[in-house]
Amino acid sequence: MASSPISQKQLLDQDAVMAWIFLAPALLLMGIFIVWPIGYLFYLSFTQGSFTRSGVYGVGLNNYVRLFLSPDFWQVLFNTIYFTVATVIPSLIIPVGLAVLLNRTFALRDILRTAYFIPSITSLVAVGLGWRWLFQFNGPVNGLLSHIGLDPIPWLSSTIWAMPVLILLSIWKQLGFNLVVFLAGLQAIPQTRYEAAELDGANPWQQFWYITLPGLQPTIVFATVTTAIFTLRSFEQVYVITGGGPLNSTNVLVYYIYDQAFAQFDFGYAAAAATILLAITLILVYIQLKLFGED
């Protein structure tokens, strides 16, 4: 006997109520820890003042005007773009090559996989201190340069060389995570494609170019977005190694926000800069969803 429309509607209503009951804890946590902080950040970007008895007061778009008229902000934005691009590209190319090699069967494969992943689970503060010791003027890196007959380089006091030190650290830190991601992507490519390519006479480079790279395309987009977000929110290495110097040459957006908020106590201005960073991050996520939303 077919159910009546009334009973179907009641059943759908009951399912909807149960769904909202099960979703309520997650939605509550998202509201408290994600939606509310973002909303409050956006509100603060239109204010000035401090969290004292005097409180904050609205200033409209004044913080954004100051932000876009500030030469320091544009230098920080350029530093951030330079740091991000120079980190993302090697952090994709190197792990792809390593993943292709480690995807083959040989004796030390499992040991190498573990070794490459160790930097991803290591504290950036601890690593940053070690990196600072390595690249100080009298450190081991300059000692090696002197040993082979080259002049020592003032890595951390040079406006040219300080940023490459941070970039090298970030690449080293991100390499293991991307390697694991690309290894998982390689497992999803059917082996029959390579067998058919071998029968057609394709060499290893042609197999990589026409089978591996197209098969890894969704993985590459995911790794690109996650690596870009990782570099955009970089703070620890800048704080520990260079402190944004010398001459503001390694000051990136997150460190700039921290400095404005907790050193200058200009919370509204810092909130405006943080809103810009949030907008950049959302644009990157949108690009990923737009390109591979259906996947």
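**View A. Pro-246 is found in the loop between helix 11 (236-242) and helix 12 (253-262).** Helices here are DSSP runs (H or I, at least four residues), numbered from the N terminus. The model is predicted: local features need pLDDT of at least 70, side-chain atom pairs count only at pLDDT 80 or more, and totals for chains, interfaces and linings use all residues. Residues are numbered from 1 along each chain as its sequence is written, and side-chain values use heavy atoms, with hydrogens and water left out. The bond joining Gly-245 and Pro-246 is a cis peptide bond, with omega about -5°.

**View B. Leu-247 and Asn-248 have positive phi values.** The loop between helix 11 and helix 12 holds Leu-247 and also Asn-248. Phi is near 55° for Leu-247, a residue other than glycine, and near 65° for Asn-248, also a residue other than glycine. Leu-247 has a relative accessible area of 73% and is therefore exposed, whereas Asn-248, at 22%, is partly exposed. Buried means under 20% relative accessible area, exposed over 50%, and partly exposed in between (1.4 Å probe, protein chains only).

**View C. Arg-66 forms a salt bridge with Asp-266.** The closest N and O atoms of the pair are 2.8 Å apart. Arg-66 lies in helix 2 (residues 62-69) and Asp-266 in the loop between helix 12 and helix 13 (267-292), so the pair ties together parts that are 200 residues apart in sequence. A salt bridge is a side-chain nitrogen of Lys or Arg within 4 Å of a carboxyl oxygen of Asp or Glu; by this rule the count comes to one salt bridge. Arg-66 is partly exposed, at 30% relative accessibility, while Asp-266 is buried, with a relative accessible area of 17%.

**View D. Helix 5 passes helix 7 in a right-handed crossing.** The axes of helix 5 (residues 124-135) and helix 7 (residues 162-187) come within 11 Å and cross at roughly 135°. Helix 5 is therefore oblique to helix 7. Angles under 35 degrees count as roughly parallel, over 145 as roughly antiparallel, 65 to 115 as roughly perpendicular, and the rest as oblique. A crossing is right-handed if the near helix is turned clockwise from the far one by less than a right angle, and left-handed if anticlockwise.

**View E. A nonpolar surface patch of about 1,100 Å² includes Leu-28.** Other residues that make the patch include Trp-20, Met-30, Phe-33 and Ile-38. Leu-28 has its place in helix 1 (residues 5-44) and is exposed, with a relative accessible area of 54%. Patches are made of residues with over 30% relative accessible area and no salt bridge, nonpolar side chains (Val, Leu, Ile, Met, Phe, Trp, Tyr) being joined within 5 Å and like charges within 9 Å.

How values were computed:
Areas by Shrake-Rupley, 256 points an atom, 1.4 Å probe, with all protein chains shown as cover. Helix = DSSP H or I, 4+ residues; strand = E, 2+ residues; numbered from the N terminus. Axes fitted to C-alpha atoms, helices over the stretch in contact; angles between N-to-C directions.
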